Amino acid sequence: MSHTDPSASDFPVDNGAPDGASGGEASPPAGAAAPVRKRPKPGERRIQILQTLAAMLEQPGAERITTAALAARLEVSEAALYRHFASKAQMFEGLIEFIESSIFTLVNQIGEREGDAPTQVRKVLTVLLQFGEKNPGMTRVMVGDALVFENDRLLARMNQFFDRIESQLRQSLRAAAEAAGSATPTVDANAQASVLTAFAVGRLQRYARSGFKRNPTEHLDAALALLVG
């Protein structure tokens, strides 16, 4: 998977194979007892839990996911989940951390590599919407649908995520407004950044609420040409 195309499958998983090994399992000799299923390492189990939670969120119309349902999908006990996460809220925080890390790593790269402000804005919005499209379950977290009955701090954290996106857009747009000779570059940038952030959130919400049928990147180049220029 490219670093510019992060998805839930990018959760790193160590297969436990020694250096130089393929990680595959050899067939047991004839008559030998079947091998005992290897117990995942603590870090691997945490990743597996998060991957499974994200996959369950991808089911269109999925209702609130309980720890009992998550444990059943993993074929473990609920107590086993709580050996790796103190609460379900902490599991969702793990997903939010993945969203933040994936998006802002790319946003920072865009800021470093692109000197043209409108190009920065278009690429930031494209990265955000492409991430949502590649990660339907994460999209439900981003727009808050999966967090409605969870801890309020999770919704607050996702609101802060979009505040950071808007701040990044505002910074680029102010530079563009100054370059264009605007008499009120800050006011112009604030207004445009607000509209663009609302556009991105709206596209992600439509994607989630259409059962992942209306892609957030639909006609994106044409939309950005109208909104950014």
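These are my notebook entries on a predicted model of one protein chain.

**Ground rules**
I number residues from 1 along each chain as its sequence is written. In this predicted model, local features need pLDDT of at least 70 and side-chain atom pairs count only at pLDDT 80 or more, while totals for chains, interfaces and linings use all residues; side-chain values use heavy atoms, with hydrogens and water left out.

**Entry 1: the overall plan**
I looked up the secondary structure and found nine helices and zero strands. Helices (H or I, at least four residues) and strands (E, at least two) are DSSP runs, numbered from the N terminus. Next I checked burial, where buried means under 20% relative accessible area, exposed over 50%, and partly exposed in between (1.4 Å probe, protein chains only). Buried residues make up 40% of the 229 residues. I then turned to contacts, meaning heavy atoms within 4.5 Å. Of the contacts with a separation of 6 or more, 66% join residues 24 or more positions apart.

**Entry 2: the core**
I looked for a nonpolar core, which is a set of buried Ala, Val, Leu, Ile, Met, Phe, Trp, Tyr and Cys residues joined through side-chain atoms within 4.5 Å. The largest one has 57 residues, and Phe92, Ile103 and Phe161 are among those with the most contacts inside it. Helices giving two or more residues to this core include α1 (42-57), α2 (67-74) and α4 (88-113). The largest share, twelve residues, comes from α4. A handy reminder for me: in soluble globular proteins, nonpolar side chains tend to be buried together.

I followed Phe92 further. Leaving aside neighbours within four places in sequence, Phe92 touches Leu53, Leu57, Val141, Ala146, Leu147, Glu150 and Leu154.

**Entry 3: helix α8**
How far apart are the end C-alpha atoms of helix α8? They are 36 Å apart, which agrees with the 36 Å that its 25 residues (185-209) should span at 1.5 Å a residue. The expected span is 1.5 Å times one less than the number of residues. Buried residues of α8 include Ala189, Ala193, Leu196 and Ala200. I recalled that an α-helix has 3.6 residues a turn, so residues three or four places apart point the same way. The cover over the buried residues of α8 includes α5 (117-134), α6 (136-142), α7 and α9 (220-227). Just after α8, I spotted Gly211 with a positive phi of about 70°.

**Entry 4: Glu166**
Is Glu166 buried or exposed? Glu166 is buried, because its relative accessible area is 17%. Glu166 sits in helix α7 (residues 152-179). Beyond its neighbours within four places in sequence, Glu166 is in contact with Asn190, Ala193, Ser194 and Thr197.
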